[in-house]
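User: I would like to learn how to read the features of a protein model, one at a time. Could we start with the whole chain and then turn to a single element?

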Amino acid sequence: DFIFPPMTLCTLVTSWFCRNPSAKTLPLKYLIRADFKSSSMMSDHRKMKGLIAAVIEGANQVMEMDWHNGAWDIQRALQLYGDVKHLFAYPSKSTQCRRNDQISWRTVYNIYMKNGKRFATDTAIVEDDLDGMFDGMME
């Protein structure tokens, strides 16, 4: 039985677009509903699909590239991740530094959803605007 391995966002991007010869798996984007035995796996795949859609949306904002055409290889998937990783580098709520490259894709997905499907760069702008508004009100 297939189960999704623990993955970071980088691993998810590469696994979504590229096959894994050592695990003998297809790219995750080719999995369909009938491939899953449990509803939790279907739910995880739906969340992965949503997060990948956000990655592609972010890539389209950062640069004009067609991510749909052409063959995918590890290098191209890593380039895609490298182009968008700053969009998912949400600040930590605690005083500790968040290690964005090491957190699970699920954590990234949950933070992305909690922020109203806004990228980290967009939430920083909103917070800066609010700080500016409050500074103006205090004077």
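User: Among contacts in the protein between residues at least 6 apart in sequence, what percentage join residues at least 24 apart?

Analyst: Please keep in mind that this is a predicted model. Of the contacts between residues at least 6 apart in sequence, 65% join residues at least 24 apart.

User: Which elements does the protein contain, and in what order do they run from the N terminus?

Analyst: There are five helices and zero strands, so that, by the DSSP runs used to define elements, the order from the N terminus reads α-α-α-α-α.

User: How much of the protein is buried?

Analyst: A residue is called buried when its relative accessible area is under 20%, and by that cut-off 34% of the 139 residues are buried. The protein exposes about 9200 Å², of which carbon and sulfur atoms supply 54%.

User: Which residues of helix α4 are buried, and where do they lie around the helix axis?

Analyst: In α4, which spans residues 105–114, the buried residues are Trp105, Val108, Tyr109, Ile111 and Tyr112. Seen down the axis of α4, these buried residues fall within an arc of 165°, and therefore they line one face of the helix. What covers them includes α1 (9–17) and α2 (39–62).

User: What is found at the start of α4 and just after it?

Analyst: At the start of α4, a side-chain oxygen of Ser104 comes to within 3.0 Å of the backbone nitrogen of Arg106, while just after α4 Gly116 adopts a positive phi of about 70°.

Technical notes. Residues numbered from 1 in each chain as written. Predicted model: local features only at pLDDT ≥ 70, side-chain atom pairs only at ≥ 80, totals over all residues. Heavy atoms only, no water. Buried < 20%, exposed > 50% of the residue type's maximum accessible area, 1.4 Å probe, protein only. Helix = DSSP H or I, 4+ residues; strand = E, 2+ residues; numbered from the N terminus. Arc of directions from axis to C-beta. Contact = heavy atoms within 4.5 Å. Polar contact = N/O pair within 3.5 Å; in protein donor to acceptor, adjacent residues only side chain to side chain. Areas by Shrake-Rupley, 256 points an atom, 1.4 Å probe, with all protein chains shown as cover.
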